Amino acid sequence: MQGSETKEKKTPGRARQLFRSALDAALVPFLAIFTALVIGGVIIALAGGNSIQAYVGLFEGAFGSPKALSETAVWATPYIFAGLAVALAFKGGLFNIGVEGQLALGAVAAAWVGYALPGLLGITIPAIIHIPLAIGIGILFGAIWAAIPGALKAYTGAHEVINTIMMNYIALNTVSFLLNGPMKDKDPNNVSARTPEIALTARLPAIFPDLRVHWGFILALIVAWLVWYLLWKTTLGFEIRTVGANPDAAKYAGINVKKLIVLTMAFSGALAGLAGAIEVIGLNYRHELGFSIGYGFDAIAIALLGKTHPLGVVLAAILFGGMRNGATRMQFLTQIPVDVISIIQGLILLFVAADEIIRYIYRIKVKEERLVLTRGWGG
Amino acid sequence: MAKRFIFIIIIIALLIGSVVLVGYKAVPPLVIIASMVATTIAVATPLTLGALSGVFCERSGVVNIGIEGMMLAGAFFGWLASIYMNSIFGFSATPSILMGVLAALVSGGLFALLLAALSITFKTDQIIGGTVINILAIGVTGFLNRQLFFEKGSVFGGQVPHAPGVLPRLHIPITELFQQWCGANTGTCFTIGESLNKIVDQKPIAISAIVLVFVSSYILFNTRWGLRTRSVGEHPRAADTVGINVYFMRYANVIIGGLFAGLAGAYLTLESVPSFEPLMTNGRGFIALAAMIFGNWTPIGAWAAALLFGSAQALQINLQFFRELIPPNLAFLQQSYVVGLTPYILTMIILTGVVGKTTPPAADGQPYVK
């Protein structure tokens, strides 16, 4: 199976063409979201709720006020990073299901830098060093954790899907062990598995007073642009996409495919680790067990909904963040459990992945090449 | 294959040996070995069934990473059906549980039907298709679990009702037989009988899993159905040319695979413990996949690999009994966390192929276009 690059032609009506192709690209995801919401509405009605009221609540809770918008951005921040992590790996022909574990390790490492390092060194680290240090260590741990299955894939052929999942369980068990043992908050009032609070110097400031949205959101947008720049404007990015599109061709073109597989996974894991680090230093100021459950799977849906393009990922992340955020208000208004959001998100993923269903329902003709994301066990 | 079987036997022996080493001062080695073997067989059940699910799907050419989700669905709906039968329709315990098992099979089969439609009819990327199954299963079971049991206005009024229990252990009277032979209720002779009994006395799903391993092996390699299944997985074009319906064979085998995964789920909530927790499959579906790969896509090989993972899990369970006896220089074994990682690390080692490379069916993961 071969995937192919869409050729950009320099024709007079290029701007219009670009607009048209963007519209075409957005059509299937849009219809997928619409269809999933309709089915979700049926499920809500079956569960005895008022679907219209539920969706109004969902929208209000997500985008209805400055506070709602702020909370949506708070939710979207890790989703953007994690979605980019999955999308970048997809571009390189790799499926990183291990974002969950990479994120958790990045978070716990950043938390350690935040609460333990100043005491260990016996000094107060200035914020200008402390914040980048915490972020850097988070990135490093995420990158290493993803590079391991990358290397196993490159040098032994072991499929990254199973290995990243195994690394998830190892990471989550390790984090649980650390938070219940060596890194547990020693505060006498504390009964939960969490680290102590990080030092004030390691915290990202909020953008507005009284709202929780922090500079991590802005950083996420910048990083999305950086990922786009890396993939489409640098040689390395071109190589990553070539390996993703056709590893054999890449090999004959003289690209070191093995090195690139490891590198792509490391980049992907770095983004996941960044997601964890930012959650700790921007929002929670500590790492607590169970805060990240489900980010890894949501990130896959976000990457696919965004068609593995950074801009698409940002939009999909804001949508998913909004849904998660608005779900609380929806539950308050209609007593429908927030878990219904997981079903709707699963359905969105279903329709995005199987876009033939959408094309069939809405009678859309195939205009674009199919996205080939992964291959069988053979690599 | 021989190399891999030897590897499996050595690792299992090592794992059992380490428990014997820790516990022999308190309990006779024979009893420890019997306990380890019995636990291994029991906890390997969902892995064995999950691996069989993978074998049928992939032998016909469909990669199934949705086993985890199908298992979760089976566990939840099986448990749910048994509760409904018991507390709403008033059936007694055993029929309720059996209805539960049936519901588990059906729900596994339905999720498999979805995977089949995605990957065969709609030609979706099969790994993405499997991921969709996993995410949907987590969403549906989580939502219904909350909606039915933890909401005030629900059928059960915000309370988890009492489950009708688990399937009973089947007893084969070996101990009684040995008692007659030895003529005593103590001594080595009697202990042998007792230990054998411990191993043999398994619950129904565990026993059916073992039977199904051999039945599957026979079907795949000795029947017309098996030959057709393998041919659509190796070379669908050739199979199509000689008049085999590729789509039908793939659909049928994926659904059969779903039944296996559903039964694996039933083991978790209707045979092992009488309760459901969100995400309770805990990676078993993926470990089962690794077992299938290590078993080179054969039922018996996959079963052997499942036993290997099972013994790693049995190690953790059995070490709990001897916590206080663990000598200080092996103190790390006290952390059930460390031992708990064994199956995951073993999976990764096995996938590297250091214990022999394996070959998937040639058309595995490729949609067939007529």
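**Figure 1. Burial and overall form of chain B in the predicted model**. Of the 370 residues of chain B, 52% count as buried, a residue being buried if 20 or more other C-beta atoms, placed from the backbone, lie within 10 Å of its own, exposed if 12 or fewer do, and partly exposed in between. The secondary structure of chain B comprises 15 helices and zero strands, where helices (H or I, at least four residues) and strands (E, at least two) are DSSP runs numbered from the N terminus. The C-alpha atoms of chain B fill a box of roughly 70 × 55 × 45 Å along the principal axes. This is a predicted model, in which local features need pLDDT of at least 70 and side-chain atom pairs count only at pLDDT 80 or more, while totals for chains, interfaces and linings use all residues. Residues are numbered from 1 along each chain as its sequence is written, and chains are lettered from A and ligands numbered from 1 in the order in which they are written.

**Figure 2. The side of chain A that touches chain B**. Here 40 residues of chain A are in contact with 41 residues of chain B, contact meaning that the C-beta atoms of two residues, placed from the backbone, lie within 7 Å. On chain A, α6 (127–156), α7 (160–180), α12 (295–305), α14 (340–353) and α15 (355–361) each supply at least two residues of this side, and α7(A) gives the most, with nine residues. By class, the side of chain A that touches chain B has 26 nonpolar, eleven polar and three charged residues (Ala, Val, Leu, Ile, Met, Phe, Trp, Tyr, Cys and Pro count as nonpolar, Asp, Glu, Lys and Arg as charged, and the others, Gly among them, as polar).

**Figure 3. The contact of α4(B) with α5(B)**.

**Figure 4. Two residues with a positive phi, A:Asp210 and B:Asn296.** Most residues other than glycine have a negative phi. A:Asp210, although not a glycine, has a positive phi of about 75°, and A:Asp210 lies in the loop between α7 and α8 (215–233) of chain A, where A:Asp210 is exposed, with 8 other C-beta atoms within 10 Å. B:Asn296, likewise not a glycine, has a positive phi of about 55° and is found in the loop between α12 (284–294) and α13 (299–321) of chain B; with 18 C-beta neighbours inside 10 Å, B:Asn296 counts as partly exposed.
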